[in-house]
Amino acid sequence: MTQMDVDPAQTDATPPGRAPVIEMRDISITFGSVRALSEVSLRLYPGEVHALMGENGAGKSTLIKALTGVYAVDAGTVLVGGEEQVFHSPSAAQAAGISTVYQEVNLVPNLTVAENMLLGREPRRFGAISVRAMNRRARETLEGLGLDIDPASVLGEHPIAVQQLVAIARAVDVDARVLILDEPTSSLDADEVAKLFEVMRRLRGQGVAIVFVSHFLDQVYEIADRMTILRNGLLVEERMVAETSQLELVRLMIGRELAVLERLESQANTAAVAGTPVLRALGVGRKGSLEATDLDLYEGR
């Protein structure tokens with residue numbers, strides 16, 4: 001693996017006696033003169049939540065699209081269950097057990113929950129779609145995830161959080177071995193995040209490998225077991241979440257020393273207690289996008 005500014009002795013996060021379900025080795029992708037990824041590697045183990053971390057532009061989305069067949073790989077290999085695979089389309093990746101749920105749910109809102117879950121795979125009887133069998137199968141999958149959602153209800157009538165859970169249920173129904181969740185909590189409130197994490201824990205317990213992409217560090221530390229950190233299209237390090245502080249994670253993502261970050265934090269704290277704020281906002285928030293937040297603005301700062 002190509003690594004940046006790290007001690008190789010710190011990077012061994014290999015679980016004993018286990019093999020990755022997915023392994024990406026030395027993946028490189030170039031767009032024109034721009035090197036989007038340079039020899040980046042990623043290992044996904046069954047029964048784990050793996051956080052993919054990095055600033056905007058670090059290469060997270062490019063790596064996901066390389067894994068799911070959206071982008072062709074210029075160099076490197078992808079192994080599924082130890083066997084090399086080349087995915088030329090997202091459908092090919094899905095056939096290999098890799099499913100993705102994006103921030104914006106790509107389902108059909110005017111169809112029912114069951115129809116979305118089984119779209120293209122509807123059970124048939126005498127050549128016609130069996131709505132009863134379809135609803136029964138969807139209900140079994142939903143109940144297996146602890147979800148109380150009417151499979152006959154129209155998807156678009158549900159909030160975005162429920163639609164995301166239906167998208168996850170669809171992935172489970174197609175026997176996904178790897179589930180990629182790309183910023184799934186960005187438009188959810190705290191209760192909806194808790195429900196999503198409950199479903200993720202169930203899937204982890206069933207042996208599914210989950211890739212979790214999020215810019216909410218507290219959520220990463222709540223749900224993820226392992227993480228891979230990218231910076232500027234390069235692999236920085238793979239680490240166990242429990243063994244890495246949030247401050248250290250930020251240093252690895254942005255490439256600054258801890259002393260610099262601590263000094264910035266100290267300066268911010270000093271500014272917060274000096275003088276009288278010219279503007280103060282207390283408990284300002286918006287459901288789904290911003291938790292209740294306090295803000296003080298000081299003259300000259």
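Four strands line up as an open sheet in the order β2-β1-β4-β5, with antiparallel pairing; two strands count as paired if DSSP finds at least two bridges between them. At the edges stand β2 (34-44) and β5 (83-85), each with a single partner strand, so one side of each is left without a neighbour in the sheet. From one strand to the next, the twist averages 30°. Angles like this one run from 0 to 180 degrees between N-to-C directions, and axes are lines fitted to C-alpha atoms, for helices over the stretch in contact. Helices (H or I, at least four residues) and strands (E, at least two) are DSSP runs, numbered from the N terminus.

A word on the ground rules: the model is predicted, so local features need pLDDT of at least 70 and side-chain atom pairs count only at pLDDT 80 or more, while totals for chains, interfaces and linings use all residues. Residues are numbered from 1 along each chain as its sequence is written, and side-chain values use heavy atoms, with hydrogens and water left out.

E23, for example, has L79 in β4 as its bridge partner. Helix α1 (residues 60-67) packs on this sheet and touches β1, β2 and β4, with a direction at about 115° to that of β1. Contact here means heavy atoms within 4.5 Å.

There is another open sheet, with six strands in the order β6-β9-β10-β3-β11-β12 and mixed pairing. Its edge strands are β6 (98-101) and β12 (234-240), and each of them pairs on one side only. Neighbouring strands in this sheet are turned by 20° against each other on average, direction ignored. Helix α1 turns up here too: it lies across β3, β6, β9 (178-182), β10 and β11, running at about 130° to β3. Helix α6 (residues 190-205) lies across β3, β9 and β10, at about 150° to β10.

Strand β3 deserves a look of its own. Five of the five residues of β3 (residues 49-53) are buried, so the strand is largely enclosed by the rest of the structure. Buried means under 20% relative accessible area, exposed means over 50%, and partly exposed is in between (1.4 Å probe, protein chains only). In a regular strand the side chains alternate between the two faces of the sheet. Both faces of β3 are covered, with V49, A51 and M53 buried on one side and H50 and L52 buried on the other. With β11 (residues 226-231), β3 pairs in the parallel sense over four bridges. In β11, M227 is the bridge partner of A51, and R226 stands opposite H50.

On to the helices. Two packed helices are described by the angle between their axes and the distance between the axes. For α4 (residues 131-144) and α5 (residues 160-173), the axes come within 10 Å and cross at roughly 105°. That makes α4 roughly perpendicular to α5, a label used for angles of 65 to 115 degrees (under 35 is roughly parallel, over 145 roughly antiparallel, and the rest oblique). Where they meet, R137, T141 and L142 come from α4, and A169, V172 and D173 from α5. The residues of this contact divide into three nonpolar, one polar and two charged. In this scheme Ala, Val, Leu, Ile, Met, Phe, Trp, Tyr, Cys and Pro are nonpolar, Asp, Glu, Lys and Arg are charged, and the others, Gly among them, are polar.

Helix α8 (residues 246-254) has E248, L249, R251, L252 and M253 as its buried residues. Just after α8, G255 takes a positive phi of about 80°.

L282, in strand β13 (residues 279-286), is exposed, with a relative accessible area of 60%. L282 and T293 are 11 residues apart in sequence, and their C-alpha atoms are 6.4 Å apart in space. Not counting residues up to four places away in sequence, L282 touches T293 and D294.

Finally, the whole protein. The count is nine helices and 14 strands, and 46% of the 301 residues are buried. Among contacts between residues at least 6 apart in sequence, 63% join residues at least 24 apart.
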